[in-house]
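I opened this notebook to keep a record of what I looked up in the structure, entry by entry.

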Amino acid sequence: MAVGDDIWAHWLERLYNLRREKRDGHERPHKPVLLLSILDLLDRSLIVANEIPLSEELVATFKRYFAVVREANDQPSIEIPFYFLGGDKFWQVMPAGGGGPLYREGFAAGAPGVGQLRKDRVAGHFDVGLWALLSDPLARHQVREALIARYFPERREQLAALVATTCQVPVAEALREEPPEAKRDAAFRRTILEVYDYRCAACGIRVLLEQAMSLVEAAHLIPFGMSRNDKPTNGVALCPNHHWAMDRHLIAPCPDRQRRAGVWRVNQKRLDDRIEGQRELVALEGRAVIPPSEENFYPDIGGLRWREEHLTVTY
Ligand SMILES: [Zn+2]
């Protein structure tokens, strides 16, 4: 993926201007260290989705980087940047159980502790544009270089050595050839997005910056791990919200006699239209699946049946 100059410039500026607390004459290193740690885990495929938990591995990596750049009384408390990065407006921390973003502007209380964040299964989510950028190995490499140059120029060599030792796959090698898995994913994604014209098959939202930066994602009807089926008829295009909800069997495209692309059904046992935030999902009930451009790409009946059967399963 070639990242457009304007997109790159936009994110570079945002990443160059992280809001950092100043104490004892120096700016705290926490936020750039958190970002470097996330890049590290992305390189090692320990983060594969835009839903980043406070894993043991993230904490350990954060500590390793922190040890190199810390000054005076800096403490390696990962919960601080994990929470306060929300203030930079490209990162939201959200509990798995719903309830919206945890970080609120001007909210005086400090960051919840690591234990609490884990208990609530809180995950960090990047802005979709930045996530698309970070998903590209070459762009990721450049972001790392930029962060180090901006925040830790005097620690450049030590950090470079650390990157080389912790990342099992050196960037240059990762770039040489895409693994077949990634190629397969990319092909499936490209086809699905094209036949659905970059539109969510549930809500119809269409946000397209450039082909590689569509908001809409490609979702399998029967998961690839089970079906090994990457045909377009085993997929639909969905926005991140509806993709998330379908993956958790809260909503499903189901067979319908009149509408060949199927209709949306909602898991009524688990969703409640009296609860704000669930109302939009419940409102999908009975709505037609927004079909792809050509009939031969319509969702396969077997895939719709699979989704229907799993809608009522309680996980
Ligand atoms: Zn949608």
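Before the first entry I set down what I mean by the elements: helices (H or I, at least four residues) and strands (E, at least two) are DSSP runs, numbered from the N terminus. I also note that what I am reading is a predicted model.

Entry on Tyr198. I looked up Tyr198 and found it in the loop that lies between helix 10 (180-195) and strand 6 (217-220). Most residues other than glycine have a negative phi. Tyr198 has a positive phi of about 60°, although it is not a glycine. I then asked how many C-beta neighbours Tyr198 has inside 10 Å. There are 16, and Tyr198 therefore counts as partly exposed.

Entry on Ala72. Ala72 is not a glycine, and yet its phi is positive, at about 45°. Is Ala72 buried or exposed? I found 8 C-beta neighbours inside 10 Å, so Ala72 counts as exposed.

Entry on Asn267. I located Asn267 in the loop that runs between strand 9 (263-266) and helix 13 (279-282). Leaving aside the neighbours within four places in sequence, I noted contacts of Asn267 with His249, Leu250 and Leu311. I also checked Asp197, which is 70 residues from Asn267 along the chain, and the C-alpha atoms of the two are separated by 27 Å.

I followed an open sheet of three strands, whose order is 3-5-4 and whose pairing is antiparallel. Strand 3 (52-53) and strand 4 (91-95) stand at the edges with a single partner strand each, so one side of each has no neighbour in the sheet. Between strand 3 and strand 5 (residues 122-126) I counted two bridges, with Ile52 opposite Gly124 and Pro53 having Ala123 as its bridge partner. Strand 4 is joined to strand 5 by five bridges, and within strand 5 the bridge partner of Gln92 is His125. In a regular strand the side chains alternate between the two faces of the sheet. For strand 5 I wrote down Val122, Gly124 and Phe126 on the covered face, and Ala123 and His125 on the uncovered one.

Entry on a helix pair. I looked at how helix 1 (residues 5-16) packs with helix 7 (residues 137-151), and found an angle of about 35° and axes 10 Å apart. The contact is made by Leu12, Leu15 and Tyr16 from helix 1, and by Val143, Ala146, Leu147 and Arg150 from helix 7. I recorded the crossing of helix 1 and helix 7 as right-handed.

Entry on the whole chain. I counted 14 helices and nine strands in the chain. The radius of gyration is 21 Å, close to the 20 Å that the globule rule gives for 315 residues, so the chain is as compact as a globular protein of that length. The C-alpha atoms fill a box of roughly 70 × 45 × 35 Å along the principal axes, and 30% of the 315 residues count as buried. The chain is divided into domain 1 (5-176) and domain 2 (180-311), and I noted 31 Å between the centres of the two domains, taken over C-alpha atoms.

Key
Residues are numbered from 1 along each chain as its sequence is written. This is a predicted model: local features need pLDDT of at least 70, side-chain atom pairs count only at pLDDT 80 or more; totals for chains, interfaces and linings use all residues. Domain bounds come from an automatic or database domain assignment. Two strands pair if DSSP finds at least two bridges between them. Two residues are in contact if their C-beta atoms, placed from the backbone, lie within 7 Å. The radius of gyration is taken over C-alpha atoms; the globule rule is 2.2 Å times the number of residues to the power 0.38. A residue is buried if 20 or more other C-beta atoms lie within 10 Å of its own, exposed if 12 or fewer, and partly exposed in between; C-beta atoms are placed from the backbone. Axes are lines fitted to C-alpha atoms, for helices over the stretch in contact, and angles run from 0 to 180 degrees between N-to-C directions. A crossing is left-handed if the near helix is turned anticlockwise from the far one by less than a right angle, and right-handed if clockwise.
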